[in-house]
Amino acid sequence: MRLILLIHQHLPLSASDEEAEELYAERLKPFVQIINKNPRIKAALHFSGVLLNRMEKLHPEFIFLLENLLKEKKIELLGGGFYEPLYPMLSQTDKAGQIEMFTTYLRKTFGKRPQGCWLPDDSWAPGVAATLNGCNLAYTFLDSSYFFHSGVQIDILNRPYLTEDLGKTVTIFPLFRPSDLEYLYSIENVQKDDADHVVSINLCHYGNKEGRAPWKYLEEYAKDESKYHLVLPNECYKKIKRISRCYISTKESGEHPMQTIARNPEASALYSRILYTEIIINQIHGDKERKNSAREEIWKAQSIDAFREGYKDGIRRAKAHAEAYSALLHAELLAREKKSFSPSLSVFDYDFDGEDEYLFQGSQINTYVQKPGARIFELDFLPGPWNYLNKKCGFEDSLNGKLIKDLYDCVSQERTRTKQKASFKLEKNEYAIEINKTFILQKDSLTCLYKLINRSLQNKDFTFSTEIPLCFKDIDEKYLRIISSGAHESPQGIEFQDIVNEAIIAITTKIPQSPQISKDKDNLDTMIVHYSSPVSLKPGEIWSNEFCLRFSY
């Protein structure tokens, strides 16, 4: 049986040097050492652009060894998107741009353009074939489940298939996991000695036998010369004589790759931010270098790390999200021209939920507000640049412990050169308490004004609470200091000294009160500032308060 062994490894952009060293010691080094020592082993490798770039700095000898293995034709390096993107999420410009960036990197570093491509998480979608063809990539790999769902039987998956999109073709090799190999070998049709017959195995698939190091498979397949003949994809591609056409649909589940984003609020918010930043940088004219630099920052945010489900480096990994938002803010800053930028308040359906969002943009602070709960879902400090909400919502209110998620109405807006202001009202709720919230953004401060009115005919006694989460790069006392401030005769406050971002965030209130401060149990680098006030209102009576977040650096 002719066998293609495929090895894929990636390092998130947000990974520390310690994490990079761990990956090198546990995965990369063992793989290449075994390939180097065993004359029979050949393998196709896809190491993401982020990973190779980090290895150039930490272990240049690793890059040198890859160069030698390429010259000896023992490995083939696969191309793809430099920052390991989720392809269905990308515009055609970004798909081609990321692929060309990685192709150029491989050519300059190793002296050879890639012929094949890796698709992160099998992120296949209509249009990918045309993109790969346009980037001069001849073939790629897809999990065999795609072929099953497209009507191809397992006993004829021992060969590559051709697919096309509007006449643009690309060859696809069905990809299996090691646990499938014995069954495949037992199928007589798969064993046939034919130039077009080949089986591809993903050695890094999560379906590997528990506790077994992936590189152990390399040694196993190399031992049995009578059973397996190891080849490289480009060798097979050159010798293809007959090839069948196949149109690829979604995975067996039938789920579109973008559904992951649709069902996860954090991923959906980041996706919306990417699209909005694309709009911003498309307004750059006459400065190609600045526009290209801004676009590359967007590519960093498109990494699959912030969109994966169930992985430690996925949707629940705050560092991946934080890194993505910082890259997008870098892109936004590159797009701004200091002489022409003016603070603004934009209103449109930013996140495709059918309701308008309110985007306050200042010279130092951005604040994005949504109607449900009249909550802030993004709070950017541009000198950082840093999104202090990351995966949380700010100014979430509770009445008697119940979170207020009702849809507010925007009742007024005001825009001046020095101030942007929007007021929201929740007129009807189960407590008959009208809630008014007004957000005011100025150069270095964000103020939220509250006015609660008892609209019932009875006295009302309740507890009104507000939470302000703040996400930091690190909450270790070396990087974050928390200082209580204010005296009895002045508004009580709290001050966060963010040493990493060189920022100070001071929170003060009109009603003197000491907040509760705690760590978020789900996001360990997030501090929750919780304010709670007992309120007693007679019919028609008003209670008011004011919160101010002031930023300095």
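Predicted model: local features only at pLDDT ≥ 70, side-chain atom pairs only at ≥ 80, totals over all residues.
Asp397 has Thr466, in strand S22, as its bridge partner.

Strand S16 covers residues 396-399 and strand S22 covers residues 460-471; the two run antiparallel and are joined by four bridges. Both belong to an open sheet of five strands, ordered S17-S16-S22-S27-S26, with antiparallel pairing. Strand S17 (402-403) and strand S26 (516-519) stand at the edges with a single partner strand each, so one side of each has no neighbour in the sheet. In general, strands of a sheet pair through backbone hydrogen bonds.

**The cavities**

The model holds four cavities of 30 Å³ or more.

| Cavity | Volume | Lining residues by class |
|---|---|---|
| Largest | About 70 Å³ | six nonpolar, two polar, three charged |

The lining of the second largest cavity includes Thr466, the bridge partner of Asp397. Phe464 and Ser465 also line this cavity, as do Gln513, Tyr531, Ser533, Trp543, Asn545 and Phe547. Two or more of the lining residues come from each of S22, strand S27 (526-537) and strand S28 (542-552). Of these, S22 and S27 are members of the five-stranded sheet described above.

The largest share, three residues, is from H14.

**The nonpolar cores**

Which residues touch the most other members of the largest nonpolar core? They are Leu3, Leu52, Phe62, Trp124, Phe147 and Leu218, in a core of 72 residues. Helix H1 (residues 17-37) supplies the largest share of this core, eight residues.

Leaving aside residues up to four places away in sequence, Phe62 touches Tyr24, Leu28, Val32, Phe47, Leu52 and Met55. One of these contacts, Leu52, is also among the core residues that touch the most other members.

Another core, of 49 residues, lies apart from the largest one. Among the residues of this other core are Ala322, Phe360, Leu379 and Leu426.

Terms used:
Residues numbered from 1 in each chain as written. Heavy atoms only, no water. Pairing = 2+ DSSP bridges. 1 Å grid on protein atoms, 1.4 Å probe; cavity = no way out; pocket = protein on both sides within 12 Å on 5 of 7 lines; lining within 4 Å. Points joined across faces, edges and corners; volume = space filled by probe spheres on them. Nonpolar A, V, L, I, M, F, W, Y, C, P; charged D, E, K, R; others polar. Core = buried A, V, L, I, M, F, W, Y, C linked by side-chain atoms within 4.5 Å. Buried < 20%, exposed > 50% of the residue type's maximum accessible area, 1.4 Å probe, protein only. Contact = heavy atoms within 4.5 Å.
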